[in-house]
Amino acid sequence: MNRLRSRHVLGISHLEPDEITYILDSAEALKGILDRPIKKVPPLRGRTVVHLFFEPSTRTKLSFELAAKRLSADTVGITASASSVVKGETLIDTARNIEAMKPDVIVMRHPMSGAPHIMSRYVDAAVINAGDGTNEHPSQALLDLMTVRQHLGRLDGLNITIIGDILHSRVAHSDILAFTKMGSRVTVCGPATMLPPDISALGARVIYCVKEAIRDADVIIALRIQKERQGRSLIPSSREYATFFGINRQTLEYANPDALIMHPGPINRGVEMSPDVADCDHSVILDQVTNGVAVRMALLSVLLAEPERADQKNIVDESTGGEHGA
Ligand code: NCD
């Protein structure tokens with residue numbers, strides 16, 4: 001295959017396992033470009049990517065922007081505070097106005113679940129969801145899959161444990177869907193107030209005790225408490241959360257000694273994870289960040305490159321002529 005079935009990437013829920021594998025293989029092929037002295041190849045020359053970030057972001061925004069630039073696309077962006085949203089413009093009007101400028105891709109982060117889905121109905125451009133409210137964050141789940149596959153060589157039959165604010169985390173939702181679609185078993189753990197009642201419908205097992213939840217885990221993913229999405233405090237204090245659900249050297253003694261430690265960032269050191277765990281040999285947190293650029297390059301090229309050039313090997317071969325790239 002060299003195309004996704006949908007024109008947009010709105011969630012892992014819309015992707016089939018063969019499409020996920022195709023994106024991961026593409027990202028793997030494109031990743032080498034990031035190690036070249038000149039990190040730029042031409043396949044998206046003349047294409048325009050608009051980055052619409054209506055919520056704070058460091059990693060996701062920068063890596064989408066870098067991914068587009070690495071592939072030679074023109075990029076422009078706007079944040080909520082600098083846009084006409086603060087003057088009362090509706091999302092549909094924003095969509096229509098952006099469409100009138102004829103971009104090829106709109107990468108969108110928004111505090112409201114479903115906002116990129118609405119946008120996709122009003123534009124001809126491909127829409128990539130860069131995180132919508134508590135719903136989904138598909139590129140994060142894809143980079144998580146890529147990182148696990150890179151370190152453990154496979155995605156099927158693994159035990160993945162996700163600890164934290166599962167209720168409000170779009171990363172948790174996309175990761176549960178992504179890892180189960182690829183054949184792994186997912187366990188979620190966190191304070192009862194932060195676990196959705198219907199989580200098992202997504203295929204995840206719920207365990208309330210961290211030591212129990214990380215036993216036999218091949219991968220431990222810690223998540224930030226999403227205070228900005230909670231109407232009221234769901235835990236007595238950060239300190240109490242750290243005591244019962246934080247990952248530290250003592251809790252790790254209950255885990256498989258080879259378990260990978262992951263976190264989508266931003267980390268609250270000392271809350272969901274102690275600093276020594278965040279920086280330990282088994283932590284692959286910075287690999288997640290690097291793979292994020294590769295996955296986003298893959299998404300852009302799969303959505304935009306001409307069919308005969310969508311074979312990522314062609315992009316890489318065509319553009320190099322050697323180590324120095326185009
Ligand atoms: C996550 C997000 O925005 O959902 N961060 C990210 O994109 N790397 C997780 C978070 O904010 O805690």
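**View 1. His-137 and Thr-60 at the ligand.** An oxygen atom of the ligand sits 2.7 Å from a side-chain N or O atom of His-137. A polar side-chain atom of Thr-60 is 2.8 Å from an oxygen atom of the ligand. The model is predicted: local features need pLDDT of at least 70, side-chain atom pairs count only at pLDDT 80 or more, and totals for chains, interfaces and linings use all residues. Residues are numbered from 1 along each chain as its sequence is written, and side-chain values use heavy atoms, with hydrogens and water left out.

View 2. A backbone N or O atom of Gly-265 lies 2.9 Å from a nitrogen atom of the ligand. The protein buries 93% of the 320 Å² that the ligand exposes when taken alone (Shrake-Rupley areas, 1.4 Å probe). The peptide bond from Gly-265 to Pro-266 is cis, with omega near -5 degrees. Pro-266 belongs to the loop between strand 9 (260–262) and helix 10 (275–278). Helices (H or I, at least four residues) and strands (E, at least two) are DSSP runs, numbered from the N terminus.

**View 3. The shell around the ligand.** Residues around the ligand (a heavy atom within 4 Å) include Arg-59, Arg-109, Gln-140, Arg-170 and Arg-224. By class, the shell has 3 nonpolar, 5 polar and 4 charged residues; Gly counts as polar. Helix 2 (59–70) and helix 6 (170–181) each supply at least two shell residues. Domain 1 (12–135 + 292–313) and domain 2 (138–287) each give at least three; the bounds come from an automatic or database domain assignment.

View 4. Ser-72 is not a glycine, yet has a positive phi of about 75 degrees. Ser-72 is placed in the loop between helix 2 and strand 2 (74–79).

Notes. A polar contact is a pair of N or O atoms within 3.5 Å; within protein, one must be able to donate a hydrogen and the other to accept it, and residues adjacent in sequence count only if both atoms are side-chain atoms.
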